[in-house]
Amino acid sequence: MYALLLKVMFLLPPERIHHLAFGAMKLATRFAPGRRLTGTLLVSGDPILRTRVFGVDFPAPLGLAAGFDKNAEGADAWGPLGFGYAEIGTVTAQAQPGNPAPRLFRLPADRALINRMGFNNFGAAAAADHLAHRLPGGVPIGANIGKTKVIEPEDAASDYAISAKLLGPLADFMVVNVSSPNTPGLRDLQAVTSLRPILQAVLDAVTVPVLVKIAPDLSDEDIDAVADLAVELGLAGIVATNTTIRRDGLATPAATVEDCGAGGLSGPPVADRSLEVLRRLYARVGDKVVLISVGGIETADQAWERILAGASLLQGFTGFIYGGPLWARRIHRGLADKLRAHGYASLSDAVGAEHKARA
């Protein structure tokens, strides 16, 4: 049924259908009866999936990745839609329109997306206002913050701090995004010398857990350096990974891919590298830093693989687009079945199990 609906939706421009679908989700969960009905249909609710990570209680491990709900307009929708949490944003200190359209492209043959949105959002103050009106009792919400495009790199730390101060009191955790390929020079901030003052500024501005989101295109040496910095500064965690600028190994014809132009590629094509980065991070930091794995997760088997490889939490965006409204529930039910089949009493017991088995 959803496969047929997806074909119909794909007749419309990607951004247009995004706004229509997001509007339908918000409408379905706007009032209590709708939230209850939606939750009954889409929420797994299995207690074995509950986990406490960096002091925050999560009802289930799969969350919505940043990029879908840029302005926290749907903060109350994601729990009833089956997610254990959501990450809003990316939010910048100043409102900005993002890059010119078209800036979002589908690669159905690869179940992938290419985007060069450019952090289009209403600004941190608007997102903070939306978060301030969240309903009580919802799933945890993280705030993903990025650099305002017009801000020079040397002023990035103060720019991030503005967003952190506005959103920190209203979010359950904060994610520092220095890894989107769609803001010029942003990825250069992943270098430890540039990253350190940014992370310290955010840590100084908030009391909630702070994480950093990294790109899959970092070298192994740079991944190690970021991991070491996260431990040194006392970060709560690392989100791995963002979209990739690579285009190799795609089923989509090269000419079609070239016509899409620049941007970050998400979905199954990034899965192998995302898993590789996760394994390297866990081998480096173990349980010292929480790892959130995102990138190409489509099935419960893949989600389980990430848990065993060291992820305490998971995220998805492209998988949700191609998988439909039942996607999160399928992942969660599959994970619950695997936990019981392997004799684990809780999700946390399985985190990093493949590494511990080798020790």
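# Reading the sheets and helix packing of a predicted chain

Guide: With 359 residues, a compact globule would have a radius of gyration near 21 Å, and the chain has 19 Å, which agrees. Please keep in mind that this is a predicted model. Along its principal axes the C-alpha trace spans about 50 × 50 × 45 Å, and the chain holds 14 helices and 13 strands.

Visitor: How should I read the pairing of strands, and which strands make up the closed barrel?

Guide: In general, the strands of a sheet pair through backbone hydrogen bonds, and the pairing is either parallel or antiparallel. Here eight strands form a closed barrel in the order β3-β4-β7-β8-β9-β10-β12-β13, and their pairing is parallel.

Visitor: How many bridges join strand β3 and strand β13?

Guide: Strand β3, residues 62-64, and strand β13, residues 313-316, are paired in the parallel sense over three bridges. As a point to find in the structure, glycine 63 stands opposite glutamine 315 in β13.

Visitor: What is the strand order in the open sheet, and which strands lie at its edges?

Guide: The open sheet has three strands in the order β5-β6-β11, with antiparallel pairing. Its edge strands are β5 (104-107) and β11 (264-266), each of which pairs on one side only, and the twist from one strand to the next averages 20°. Strand β5 and strand β6, residues 112-115, run antiparallel and are joined by four bridges, with alanine 112 in β6 as the bridge partner of leucine 107.

Visitor: Turning to the helices, how is a packed pair described, and at what angle do α5 and α6 cross?

Guide: Two packed helices are described by the angle between their axes and by the distance between those axes. For helix α5 (residues 156-167) and helix α6 (residues 192-205), the axes come within 8 Å and cross at roughly 25°. Angles under 35 degrees count as roughly parallel, and α5 and α6 are therefore roughly parallel to each other. The crossing of α5 past α6 is right-handed. On the α5 side the contact is made by Ala156, Ala157, Tyr160, Ala161, Ala164 and Lys165, and on the α6 side by Pro197, Ile198, Ala201, Val202 and Ala205. By class, these residues of the contact of α5 with α6 are 10 nonpolar, no polar and one charged.

Visitor: Which residues of α6 meet α7, and how do the axes of this pair lie?

Guide: The axes of α6 and helix α7, residues 220-233, come within 11 Å and cross at roughly 30°, so α6 and α7 are roughly parallel to each other. Here too the sense can be stated: α6 passes α7 in a right-handed crossing. From α6, the residues Val192, Leu195, Arg196, Leu199, Gln200 and Leu203 meet Ala225, Val226, Leu229, Glu232 and Leu233 in α7. The contact of α6 with α7 has eight nonpolar, one polar and two charged residues.

Methods. Residues are numbered from 1 along each chain as its sequence is written. This is a predicted model: local features need pLDDT of at least 70, side-chain atom pairs count only at pLDDT 80 or more; totals for chains, interfaces and linings use all residues. Side-chain values use heavy atoms; hydrogens and water are left out. Two strands pair if DSSP finds at least two bridges between them. Helices (H or I, at least four residues) and strands (E, at least two) are DSSP runs, numbered from the N terminus. Axes are lines fitted to C-alpha atoms, for helices over the stretch in contact, and angles run from 0 to 180 degrees between N-to-C directions. Angles under 35 degrees count as roughly parallel, over 145 as roughly antiparallel, 65 to 115 as roughly perpendicular and the rest as oblique. A crossing is left-handed if the near helix is turned anticlockwise from the far one by less than a right angle, and right-handed if clockwise. Contact means heavy atoms within 4.5 Å. Ala, Val, Leu, Ile, Met, Phe, Trp, Tyr, Cys and Pro count as nonpolar, Asp, Glu, Lys and Arg as charged, and the others, Gly among them, as polar. The radius of gyration is taken over C-alpha atoms; the globule rule is 2.2 Å times the number of residues to the power 0.38.
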